[in-house]
Every structure is written in structure tokens, then in C-alpha cells.
Amino acid sequence: MMEVLSMGGYGSFVWSAYGLTIIVLAVCIIGGRMGHTKTINDVRRRIRTMEVKS
Amino acid sequence: MKPRQQRMLAVGLTVAGIAIAALLTLQAFKENMMFFVEISEVEKGNYPDDRNFRVGGLVVEGSVQRAPGDLTVAFDLTDLTSKLTVNYAGILPDLFREGQGIVAHGRLNDSGTFIADEVLAKHDENYMPPEVADSLAKAAAAQEAISKQDEK
Amino acid sequence: MWKFFHKLASPPHFYQFAGKVVPWFAFTAIACIGYGGYAGLFVAPADYQQGDAFRIIYVHVPAAYLSMMGYSIMAISAGIGLIWRIKLSHAVTAAAAPLGAWFTFLALATGSIWGKPMWGTWWEWGDPRLTSELLLLFLYIGYMALRASIDDIAKADKASAVLALVGAVNVPIIHYSVEWWSSLHQGPTLVREGGPGMVSDMLYPLLAMILGFTFLFGALLLGRVRTEVLFRERRAKWVREMLLDDGGTT
């Protein structure tokens, strides 16, 4: 197990590259979803206020 | 001409113009944009002598001499036509070995030795496990032996 | 065929269609990246020169490929938007920029982490491959900054589309930088004369990762284009009906 993690002495480089990749991809996925939800809520709120006015 | 065709022409001309401008600029600066200088160019004197520069080449087999006790190392670089001796004191990258392509940054001293303050290793675009590399090397050696026999 | 594309370019149809496609893209991406990541880390043999450090290739190459692919998509959709005045293609251009910027950052960062143990340096100023890829990041950021500085969407679309087209000249420069000039970076492994310079145990996980990242990029891009379309069409009848009718789960 430890042998696999050490990656022949390059473990810190290999794992930080993979870790960074997971973080960046997660930011893209979560950011995209949050942006979509926020836009839906904003647009719906805007439509509701317009309807109340008219 | 329809408006859409006009726009098509405008977009096409813009892209073509930028591409040609970029091509000409890159062509003009090609010499200056070399990341490193080849060894044979150094021998011809084609290198900047007012500042540090980089040389690139292969480490000659059997030329690496390490001073005992400190990090000083001397080795020859070649581009298969010319040779250049490099002196360096510092930590070498893991990929530094005889026969490896490397890039050294520094300047030439008066006796024509390159005093490096940084040595970087290049690697090639081939990836394989050690066993495959071994068998390829053996096959190449066998091939060479056969061709030598043929010469005789 | 043309009818399909014509329909797809209409915002409500695109919104529904993309919503259906995204889960399939995401599923394919997870399957490919799951296999490729596992096989790349634990099954593929270590390299004869670089040992286990070469495993960074499985995240670096897909990220670098998509950083250039992302800009190509931007340039093409910007051109289509300028010539045919299709609103949807401007939405695609705008949605692709942040994703492309993140993948470019990832390519630069993983390349740097790879460069330290192998080349002996995190970064070398003046190296053509490194410099042109950094320029790509600045082009993405510049594109987003230009958009952010113009309030009117139609004007922002036009001005930024020109920038997207002009910057496209950098994409072939990145690709050929290692062949035109001397560089610390090695030449291409996969696309070259004589076939890929890799044994199959190393190659298949890499191809799986490239495919997986591409589908993930596709899913993320379609998702962002949906958000963009929804905002741009916020005054349209179909948006009002959709958001008020179904409780807004989509």
C-alpha cells in the first residue's frame, strides 16, 4: 500500500497533480450547477414581480 | 453582395490578416526565439556574448566527471557534430544521465568551457516500461553486431 | 439533418435537448475517467526514464488538449455568431470561456508539477510551449474581462467575438511550438508519423482519459450554455411558462 502511495519517490508530485485536477474539475461542476440554480431563481423572481405589477 | 456574405468576407479577411501578420512576426523573430542554442552554432560563434544563454545537446557517454565531496560536475555536450565541455556546481535533475538530452543555462569562459548556473533535463516523447526499453536496446545492439559482421 | 440543426438553434429546443444530453455525457465521462484514472495510476507500468512521475501525463495531456479545443470551439462559434447572427452561438462562445480558462490553468499547473522532478524546474521563461500556453490563459481572461466591461449583451457578443477570432491564431502556435522552435517540452507522442510512441498498457488509459475529459467538458459546456440561454431569454414566453408551470426543477 505504502509502496503504491510513494510512487517510486514521486508521490508528492503525482498525487498533488491528481488532487489539483479533482479540485479544478469539482469547481467547474459545482460552479456550473450553482450558477444555473441561481439564474433560475433570479429569473423566476423577476417574472413574479413583473406579474404582481401588471 | 448580400450582407451575410459581406460579414463572411470581413471575418475571413480578419482571420487571414491576423494569421499572416503572426506568421511574418514569428518568422522575423525566429532566431531570437530559440529557447537554446545548438552546440555547432556555439562553435561557429553564433551565440550572444553579452548575456547568459542556453545550450542544448546530448551528454556524451563516459564524459561525466564528479568531483568527490562536493556538487561540482563536468561533462561534454554534443549535437553529434560538435562538442562542448560544461562545468556545473549544483543539484542535477533526476533525468540527468549519460546520453540524455539536456539544456544548460550560463556563459562561455575564455577557455571555451561553458560555466552553467542551471542544468535542465529534456525527455523524449516515447514512453515504455524498462523491460521494453531493455529489449529494444538489445535488438539495436544485435542489429549493429550483424551489420558489423556484414562489413567484414 | 438540416431541419434538426435548425430546430436545435432555437433556444427552447436547445434548452430541452441539452438538458437530456448532459446526463449521458456525464455518465460516459465518469466511466472513462474512472477506468483511465485507475489504470493510469495503478495498472500502467512505470516509464523506463521517468518512473512513476510520468503518470501525471494522464491528467496533463487531456487538460492541455481541452484548453486548445475549448478555444477552437470559441473561435468557431464566434465566427458563426458574427456571420449568421445566430444568438445561440454567441451563448456558446460566452459559456466556453471560463471552462477553457480552468482547463488551461490545469494544464499549466500539472505541467509545472511534472516539470519540477523531470526537467528540474517549475517554470522556464522564454520556452515557446510554456509561453504560448500562458498566453492562451491570458486570452481567455481577456475575453471574459472584455465581456464583463460591456453591459449590453448584443454589443458584448460582437466585440468579444472579434477577440475570440483574433486570439485563435495562438492555437496552432501552441501546437507547433515544439516543432518550430527548440523547447524544453518534448514533441507530440500521440499524433505523429509512425503512430503513438507508447506501449498499449500506457496508451489505452490515456485515450480513455482524453475521451472522458472531452465528454466532461461537453457536459459542462452544454450546462453553461443552458444557463446562458435561460438568462438571455428571460423575457421570452417559453421561459415564463417553464419556470411558473413546473415548480422550476429544471
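Which residues does Ser112(C) touch, not counting residues up to four places away in sequence?

## Ser112 of chain C

In this predicted model, Ser112(C) touches Trp122(C) and Trp123(C), once residues up to four places away in sequence are left out of the count. The serine itself is found in helix H4 of chain C, a helix that returns several times in this report. Ser112(C) counts as partly exposed, because 17 other C-beta atoms lie within 10 Å of its own, and a residue needs 20 or more of them to be called buried. Ser112(C) can also be compared with Gly34(C): the two residues are 78 residues apart in sequence, and their C-alpha atoms are 24 Å apart in space.

## Chain C as a whole

The elements of chain C, followed from the N terminus on, run α-α-α-α-α-α-α-α-α, and the tally for this chain is 9 helices and 0 strands. Taken along the principal axes, the C-alpha atoms of chain C fill a box of roughly 60 × 35 × 30 Å.

Chain C has 250 residues, and buried residues make up 49% of them. If one takes the contacts in chain C between residues at least 6 apart in sequence, 77% of these contacts join residues at least 24 apart.

## Helix H2 of chain C

Several residues of H2(C) are buried, including Tyr15(C), Phe25(C), Ala29(C), Cys32(C), Ile33(C) and the glycines Gly36(C), Gly37(C) and Gly40(C). The buried residues of this helix pack against three other helices of chain C, namely helix H3 (57-84), helix H4 (87-118) and helix H8 (200-232).

## The nonpolar core

The largest nonpolar core has 103 residues, and those with the most contacts inside it are Val55(B), Ala104(B), Ile56(C) and Leu216(C). The largest share of this core, 17 residues, comes from H4(C). When its neighbours within four places in sequence are left aside, Leu216(C) is in contact with Leu25(A), Ala29(C) and Ile33(C); of these, Ala29(C) and Ile33(C) are among the buried residues of H2(C).

## How the chains meet

There are 2 pairs of chains that touch, and the most contacts are between chains B and C. That contact takes 34 residues from chain C and 32 residues from chain B. On the side of chain C that touches chain B, the elements that give two or more residues are H3, H4 and helix H6 (153-167) of chain C, and the largest share, 4 residues, comes from H3(C). Sorted by class, this side of chain C has 20 nonpolar, 12 polar and 2 charged residues.

Chain C also meets chain A, with 32 residues of chain C in contact with 25 residues of chain A. Here the elements of chain C that give two or more residues are H4, H8 and helix H9 (237-245), and H4(C) gives the most, with 10 residues. By class, the side of chain C that touches chain A has 20 nonpolar, 5 polar and 7 charged residues. Chain A and chain B, by contrast, are joined by no contact, and their closest C-alpha atoms lie 11 Å apart.

Met7(A), found in the loop between helix H1 (2-6) and helix H2 (11-53) of chain A, has a positive phi of about 50 degrees although it is not a glycine. With 19 C-beta neighbours inside 10 Å, Met7(A) counts as partly exposed. Arg85(C), which lies in the loop between H3 and H4 of chain C, has a phi near 55 degrees, again a positive value in a residue other than glycine. Arg85(C) counts as partly exposed, with 15 C-beta neighbours inside 10 Å.

For chain B, the domain assignment gives domain 1 (1-33) and domain 2 (37-121), and the C-alpha centres of these domains of chain B lie 41 Å apart.

Definitions and conventions. Residues numbered from 1 in each chain as written. Chains lettered and ligands numbered in written order. Predicted model: local features only at pLDDT ≥ 70, side-chain atom pairs only at ≥ 80, totals over all residues. Buried ≥ 20, exposed ≤ 12 C-beta atoms within 10 Å, placed from the backbone. Contact = placed C-beta atoms within 7 Å. Nonpolar A, V, L, I, M, F, W, Y, C, P; charged D, E, K, R; others polar. Domains from an automatic or database assignment. Core = buried A, V, L, I, M, F, W, Y, C linked by C-beta atoms within 7 Å.
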